[in-house]
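Q: I have a structure open here and would like to talk it through with you. Could you take my questions as they come?

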Amino acid sequence: MGKENSKNLSIIDRDLKIEGSISSRGKLIIKGQVTGTIEGDVVIIAEEGRVTSSVTKVSSITIAGKFQGEVAASKELIILSTGICSGKVECNKNLIVENGGILNAEVSCKTPVKLSPVKDLKKGKQ
């Protein structure tokens, strides 16, 4: 997205519950509860945040709370030590799970893997 959208900030606060579709540009911070679909640039689910989503398509998502459903992240998916992610996960570049974070999902990473040649570890045997 363009630079003009990079400063946009939206917050779904603790006492807010949303059911339906969310489309956002810039950064979306979820401290409340969301049930539905999410499309956007950067989504952050705070520690107190809860998301149940059949379809989530974002550039980047950071999960410190709970996410259940399907998520596709084109750049990165980060699960912090307090985060729980379950369902189906698709990431195109980076998948990071901090120590203590829980990932209980069907995972598909489409990062091109560069393999280096395997050296014979058993020297002398061919």
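Q: How many salt bridges does the count come to?
A: The count comes to one salt bridge, where a salt bridge is a side-chain nitrogen of Lys or Arg within 4 Å of a carboxyl oxygen of Asp or Glu. This is a predicted model, in which local features need pLDDT of at least 70, side-chain atom pairs count only at pLDDT 80 or more, and totals for chains, interfaces and linings use all residues. Residues are numbered from 1 along each chain as its sequence is written, and side-chain values use heavy atoms, with hydrogens and water left out.

Q: Which side chains meet in that salt bridge?
A: Those of E48 and R14, with 3.3 Å from N to O. E48 sits in the loop between β4 (33-45) and β5 (50-63) and R14 in the loop between β1 (9-12) and β2 (17-23), so the pair ties together parts that are 34 residues apart in sequence. Strands here are DSSP runs (E, at least two residues), as helices are (H or I, at least four), numbered from the N terminus.

Q: And are those two buried or exposed?
A: E48 is partly exposed, at a relative accessible area of 30%, while R14 is exposed, at 58%. The cut-offs are under 20% relative accessible area for buried and over 50% for exposed, with partly exposed in between (1.4 Å probe, protein chains only).

Q: OK, new topic: what is the overall pattern along the sequence?
A: The chain reads β-β-β-β-β-β-β-β-β, that is, nine strands and zero helices. Of its 126 residues, 33% are buried.

Q: Which residues have the most contacts inside the largest nonpolar core?
A: They are I30, I38, V43, I45 and I61, in a core of 19 residues. A nonpolar core is a set of buried Ala, Val, Leu, Ile, Met, Phe, Trp, Tyr and Cys residues joined through side-chain atoms within 4.5 Å. At least two residues of this core come from each of β3 (27-30), β4, β5, β6 (66-79) and β7 (84-91), and β6 gives the largest share, five residues.

Q: What is I45 in contact with?
A: Leaving aside neighbours within four places in sequence, I45 has contacts that include I30, V51, I61, I63 and F67, a contact being heavy atoms within 4.5 Å.

Q: Where is S24, and what does it touch?
A: S24 lies in the loop between β2 and β3 and counts as buried, at 11% relative accessibility. Not counting residues up to four places away in sequence, S24 touches E39, G40 and D41. The C-alpha atoms of S24 and D41 are separated by 6.9 Å, although the two residues are 17 apart along the chain.

Q: How many disulfides are there?
A: The count comes to zero, taking a disulfide as a pair of cysteine sulfur atoms within 2.5 Å. C91 is buried, at 0% relative accessibility, whereas C109 is partly exposed, with a relative accessible area of 42%.

Q: Last one: what pLDDT does the chain average?
A: The average is 87, and 83% of the residues score at least 70, pLDDT being the predictor's confidence in each residue, from 0 to 100. Over residues 1-5 the pLDDT is below 50, and this stretch has four contacts in the model beyond near neighbours in sequence.
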